[in-house]
Amino acid sequence: MSARRPSHTDSDLIIGGAGIVGGTLGCILAQQGLRVAIVDRTATEARNAKAGDGMRVLAITPASKQILNAIGAWKYIEQGGIGCFRRIEVWDANGEGSLCFDSADLCEPALGYILGHSIIQSVLERILGTLAGVSWYRPAIPRRVNVSDDQVTVEFEDSRSVTARLLIGADGSDSKIRDLAGIDNALHDYHQHALVCVVKTERPHGNIARQRFLTKGPLAFLPLADPYQSAIVWSTKPEDAAALVALDDEGFCRELKNAFAGRLGDITWSGRRAAFPLGRAYARHYCQPRVALVGDAAHSVHPLAGQGANLGLLDAAALAEILADAMARDRDIGSSRVLRRYERWRKGENLAMMMALDGLNQLFANELGPVQWARNLGLDVVNALAPMKHWFMRRAMGLAGDLPRLARAGR
Ligand SMILES: Cc1cc2nc3c(=O)[nH]c(=O)nc-3n(C[C@H](O)[C@H](O)[C@H](O)COP(=O)(O)OP(=O)(O)OC[C@H]3O[C@@H](n4cnc5c(N)ncnc54)[C@H](O)[C@@H]3O)c2cc1C
């Protein structure tokens with residue numbers, strides 16, 4: 001496939017940010033035969049050092065698995081050991097209501113997978129390293145973005161620069177590219193921090209992802225490959241998260257067991273802990289001439305349903321599909337006409353998920369008696385209504401909605 005390109009650009013596209021979304025997009029586009037310049041502020045060695053922490057995991061949907069499989073990443077990720085959940089149990093700490101989802105109800109082998117963030121990251125870098133069209137700029141931080149009629153130039157803080165037909169901002173929630181391009185970002189602070197760590201439990205997790213909604217935020221136990229190990233995502237008030245991070249191991253294990261109502265027995269070991277501030281954000285536009293945003297640069301959501309990276313991977317697959325179609329028709333890949341198709345496709349899908357997660361977070365944080373009663377009733381009603389439950393499940397698994405071809409491959 002050949003792109004219509006002016007001879008004076010260094011690359012066909014620049015991807016700012018080599019995280020999971022930017023890295024995946026880089027693989028897809030370079031595998032389509034494009035020349036891709038990848039920019040990241042982190043040097044390889046720094047990222048490798050950070051990769052050892054193993055604290056952060058991601059719940060990955062079957063749709064994201066398809067995308068990672070299509071670029072040849074899944075077989076390497078699997079070698080690193082993956083958790084798989086066949087059932088999800090959700091319940092409210094302030095009542096009897098509960099909800100469970102089972103993969104057997106949808107005749108699917110799994111509802112999702114639990115992968116180490118750093119494992120995905122290093123596999124993507126390994127694949128990018130084998131692709132001919134990829135050039136790296138790292139460590140490099142964009143300082144200026146200049147857009148002209150037929151190209152975009154990114155100038156870095158160290159005064160190097162690179163030109164292309166299209167610049168893609170995949171540089172996360174604090175996106176510099178979004179700011180340099182002058183795209184507004186609407187922010188909402190949840191006033192919650194998410195504590196993450198890995199723990200061992202007395203009882204096996206049985207490949208069930210469990211989430212207990214506490215008044216200050218949800219607490220999730222995500223099953224890892226080892227039947228006695230789970231990854232914790234505990235969203236709570238910032239000061240409580242800081243206190244939990246500071247506790248000694250014994251004190252933390254005790255607090256965690258209490259907060260989880262002892263569902264998996266004693267917590268027998270806990271690994272290193274860290275806490276991340278939580279916010280919701282969305283860019284007012286996903287594109288402008290010669291610039292497009294993907295992943296957290298375009299939208300950040302609450303982690304309570306493990307959707308952020310999954311939405312970003314769908315962005316990557318959708319944008320790559322639109323760019324491939326544009327090239328097949330000999331259209332300019334940086335033109336508004338092409339990029340607006342991407343915005344129309346992904347913005348509504350992402351906003352709908354963002355609002356649903358926001359609503360859930362608020363609903364469970366409400367201590368008013370009637371609201372507690374209604375939500376417990378709501379959980380039980382949804383649990384009893386198979387079609388509604390299946391609809392939720394298919395949405396959250398990335399099996400419903402307007403899916404890019406890559407996410408449907410093999411289905
Ligand atoms: C506690 C927690 C749990 C989560 N759990 C899940 C989950 O289970 N499932 C899920 O799908 N999502 C989850 N998420 C969300 C998920 O982590 C993010 O949506 C995802 O990592 C976003 O990926 P990204 O590639 O868009 O951005 P990032 O991962 O932020 O990557 C951005 C990249 O850009 C680079 N960069 C940043 N700024 C610059 C700059 N100025 N110059 C150059 N390079 C730059 C960075 O070095 C990085 O490589 C969770 C989030 C949190 C906080």
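How far from an oxygen atom of the ligand does a polar side-chain atom of D40 lie? The distance is 2.7 Å. The model is predicted; local features need pLDDT of at least 70, side-chain atom pairs count only at pLDDT 80 or more, and totals for chains, interfaces and linings use all residues. Residues are numbered from 1 along each chain as its sequence is written, and side-chain values use heavy atoms, with hydrogens and water left out.

The ligand has 30 residues around it, each with a heavy atom within 4 Å of the ligand. Of these, D40, R56, A59, D296 and A309 come nearest. A polar side-chain atom of R56 lies 2.6 Å from an oxygen atom of the ligand. V21 contributes through its backbone: a polar backbone atom lies 3.1 Å from a ligand oxygen.

V21 also belongs to the contact between helices α1 and α9. Helices (H or I, at least four residues) and strands (E, at least two) are DSSP runs, numbered from the N terminus. Helix α1 spans residues 20-31 and helix α9 residues 308-328. Their axes are 9 Å apart, at an angle of about 25°. Axes are lines fitted to C-alpha atoms, for helices over the stretch in contact, and angles run from 0 to 180 degrees between N-to-C directions. The two helices are therefore roughly parallel (angles under 35 degrees; over 145 is roughly antiparallel, 65 to 115 roughly perpendicular and the rest oblique). Contact means heavy atoms within 4.5 Å. On α1 the contact residues are I20, V21, T24, L25, I28 and L29. On α9 they are A309, G312, L313, A316, A317, L319, A320 and L323. This contact has 12 nonpolar, two polar and no charged residues. Ala, Val, Leu, Ile, Met, Phe, Trp, Tyr, Cys and Pro count as nonpolar, Asp, Glu, Lys and Arg as charged, and the others, Gly among them, as polar.

Helix α1 also packs with helix α5 (residues 117-130). The angle is about 25° and the axes are 9 Å apart, which makes α1 roughly parallel to α5. The crossing is left-handed. I20, G23, T24, G26, C27 and Q31 of α1 meet H117, I120, Q121, L124, I127 and L128 of α5. Six of these residues are nonpolar, six are polar and none is charged.

Helix α9 has a further partner in helix α3 (residues 62-70). Here the angle is about 45°, with the axes 9 Å apart. The pair is therefore oblique, and its crossing is left-handed. A63, S64 and I67 of α3 touch N310, L313, L314 and A317 of α9. The contact comprises five nonpolar, two polar and no charged residues.

Two loops carry backbone features. The peptide bond from R138 to P139 is cis, with omega near -5°. P139 sits in the loop between β8 (134-137) and β9 (142-147). S159, a residue other than glycine, has a positive phi near 75°. S159 lies between β10 (152-156) and β11 (161-164), also in a loop.

Definitions and conventions: A polar contact is a pair of N or O atoms within 3.5 Å; within protein, one must be able to donate a hydrogen and the other to accept it, and residues adjacent in sequence count only if both atoms are side-chain atoms. A crossing is left-handed if the near helix is turned anticlockwise from the far one by less than a right angle, and right-handed if clockwise.
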